[in-house]
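Work through the exercises below with the sequence and the model at hand. Each task is followed by a solution in steps.

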Amino acid sequence: MAQSTLEDDELFDEASDELREDVEDALEDAHDALPEADDIFEVEGDNIVGVLNSLKSELDAGEAEESLREAKKWFGVGRKADVFDEEFVDETEQDIEELEETLGSLGDAEESATELTDTVAGLKSVL
């Protein structure tokens, strides 16, 4: 019976380490998928509508959102199982919050660019 418990503990520790790595990898993927600041500020187009459309494309954070979702999913599982130390929990919660704020800002900016594109395109047709 003692052997089974030792093996179970080792397997649990291994699974905990893998879960932590999954969270860390997903957060890293989310950060890597964020647009680069230079790409946002150096958009090009033939006219203002082209520039705004280019800006909207650069503000898209689809892959970052999916990676953050994966990180939150595995982080939630690990927290429920109580496999993470307090320092990891605190750092991860802060990282998740910062990524959510960044993604929210990108979403707001993309929405504004979309509205402005529609407005400018509408002005062209009425002027």
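Buried means under 20% relative accessible area, exposed over 50%, and partly exposed in between (1.4 Å probe, protein chains only). The model is predicted: local features need pLDDT of at least 70, side-chain atom pairs count only at pLDDT 80 or more, and totals for chains, interfaces and linings use all residues. Residues are numbered from 1 along each chain as its sequence is written, and side-chain values use heavy atoms, with hydrogens and water left out.

**Exercise 1.** Classify arginine 20 and glutamate 24 by accessibility, then find how they are linked.

Solution. Step 1: arginine 20 has 28% relative accessibility, so it counts as partly exposed. Step 2: glutamate 24, at 35%, is partly exposed too. Step 3: the two form a salt bridge (a side-chain nitrogen of Lys or Arg within 4 Å of a carboxyl oxygen of Asp or Glu), with the closest N and O atoms 3.3 Å apart. Step 4: both lie in helix H1, four residues apart, about one turn of the helix. Helices (H or I, at least four residues) and strands (E, at least two) are DSSP runs, numbered from the N terminus.

**Exercise 2.** Find which helices hold glutamate 100 and lysine 72.

Solution. Step 1: the closest N and O atoms of their salt bridge are 2.5 Å apart. Step 2: glutamate 100 is in helix H5 and lysine 72 in helix H4, so this pair ties together parts that are 28 residues apart in sequence.

**Exercise 3.** Describe the ring pairs of phenylalanine 84 with phenylalanine 75 and with phenylalanine 88.

Solution. Step 1: rings of Phe, Tyr and Trp (its six-membered ring) pair if their centres lie within 6.5 Å; planes under 30 degrees apart count as stacked, over 60 as edge-to-face and the rest as tilted. Step 2: three aromatic pairs are counted by this rule. Step 3: phenylalanine 75 and phenylalanine 84 have ring centres 5.7 Å apart and planes at 10°, so they are stacked. Step 4: for phenylalanine 84 and phenylalanine 88 the centres are 4.8 Å apart and the planes at 55°, so this pair is tilted. Step 5: ring pairs link Phe75, Phe84 and Phe88 into a cluster.
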